[in-house]
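Subject: Structure for you, with notes

Hello,

Here is the structure I said I would pass on. Please open it alongside this message.

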Amino acid sequence: MDQDQDTSPDRRAFVAPLISTLLTLPMGLVALFFVGLSPMACDSCGDAASDRFDASYDLAFPVFNTGLLLVLAVLAVCWALPWQRRNAARRVGFSLLAPAVVVLDYVVFAAIVDWP
């Protein structure tokens, strides 16, 4: 039988989403913590630098939060795929994608912010 057509139940289907969830959620919380602390980077800035930082942070923070929603959507897809052998590769792919999206989300945030 072709692997793509194998509709038999996969008894280990929960492993990849579980590991991904246990890795991704703490990563997201740590990233959110550092994003929340980042306004303190400009506490001692002058008025012009502070205004530039605040304007860029006001854009970057909602972008970051939207990225976290994307991470949750990827995790939901990992868990929601039917637990059949034919979906094993997709499930592992989405499970690997979730923590990568957290890292990408933070990199995008850091690139948008005009750091002092």
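Predicted model: local features only at pLDDT ≥ 70, side-chain atom pairs only at ≥ 80, totals over all residues.

Residues are numbered from 1 along each chain as its sequence is written, and side-chain values use heavy atoms, with hydrogens and water left out.

**Helix α2**

Start with α2, residues 47-80. Helices here are DSSP runs of H or I with at least four residues, and strands are E runs of at least two, numbered from the N terminus. α2 has 34 residues. Its first and last C-alpha atoms are 49 Å apart, close to the 50 Å expected at 1.5 Å a residue. (The expected span is 1.5 Å times one less than the number of residues.)

Buried means under 20% relative accessible area, exposed means over 50%, and partly exposed is in between, with a 1.4 Å probe and protein chains only. The buried residues of α2 are S50, F53, S56, Y57, A60, F64, G67, L68, V71, V74, L75 and C78. Their cover includes α1 and α3.

**Helix packing**

Two packed helices are described by the angle between their axes and the distance between the axes. Axes are lines fitted to C-alpha atoms, for helices over the stretch in contact; angles run from 0 to 180 degrees between N-to-C directions. Under 35 degrees counts as roughly parallel, over 145 as roughly antiparallel, 65 to 115 as roughly perpendicular, and the rest as oblique.

The axes of α1 and α2 come within 11 Å and cross at roughly 170 degrees. That makes the two helices, α1 and α2, roughly antiparallel. Contact means heavy atoms within 4.5 Å. On the α1 side, the residues that meet α2 include L25, G28, A31, L32 and V35. Their partners in α2 include Y57, F61, F64, L68 and L75.

α1 and α3 have axes that come within 9 Å and cross at roughly 5 degrees. α1 and α3 are therefore roughly parallel. Among the α1 residues in this pairing are M27, G28, A31, F34 and V35. Among those from α3 are V102, V103, Y106 and F109.

**The core**

Which residues touch the most other members of the largest nonpolar core? They are V35, F53, Y57, F64, F109 and V113, out of 13 residues. α1, α2 and α3 each supply at least two residues of this core. The largest share, 6 residues, comes from α2. A nonpolar core is a set of buried Ala, Val, Leu, Ile, Met, Phe, Trp, Tyr and Cys residues joined through side-chain atoms within 4.5 Å.

**Single residues**

The contact lists here do not count residues up to four places away in sequence.

- F64 is in helix α2. F64 is buried, at 1% relative accessible area. F64 touches A31, L32, V35, D105, Y106 and F109. F64 and A31 are 33 residues apart in sequence, with C-alpha atoms 9.4 Å apart.
- F53 touches S38, P39, C42, V113, D114, W115 and P116.
- S38 sits in the loop between α1 (15-37) and α2. S38 is buried, at 6%. Its contacts are F53, Y57, F109 and W115.
- A110 lies in helix α3. A110 is partly exposed, at 27%.
- T7 is in the segment before α1. T7 is partly exposed, at 46%. T7 touches Q84 and R86. T7 and P82 are 75 residues apart in sequence and 9.2 Å apart, C-alpha to C-alpha.

**The salt bridge**

How many salt bridges does the structure hold? There is 1. The side chains of D114 and R52 form it, at 3.2 Å, N to O. (The criterion is a side-chain nitrogen of Lys or Arg within 4 Å of a carboxyl oxygen of Asp or Glu.) D114 lies in the segment after α3 (88-112), and R52 in α2, 62 residues apart. D114 is partly exposed at 33%. R52 is partly exposed too, at 48%.

Best wishes
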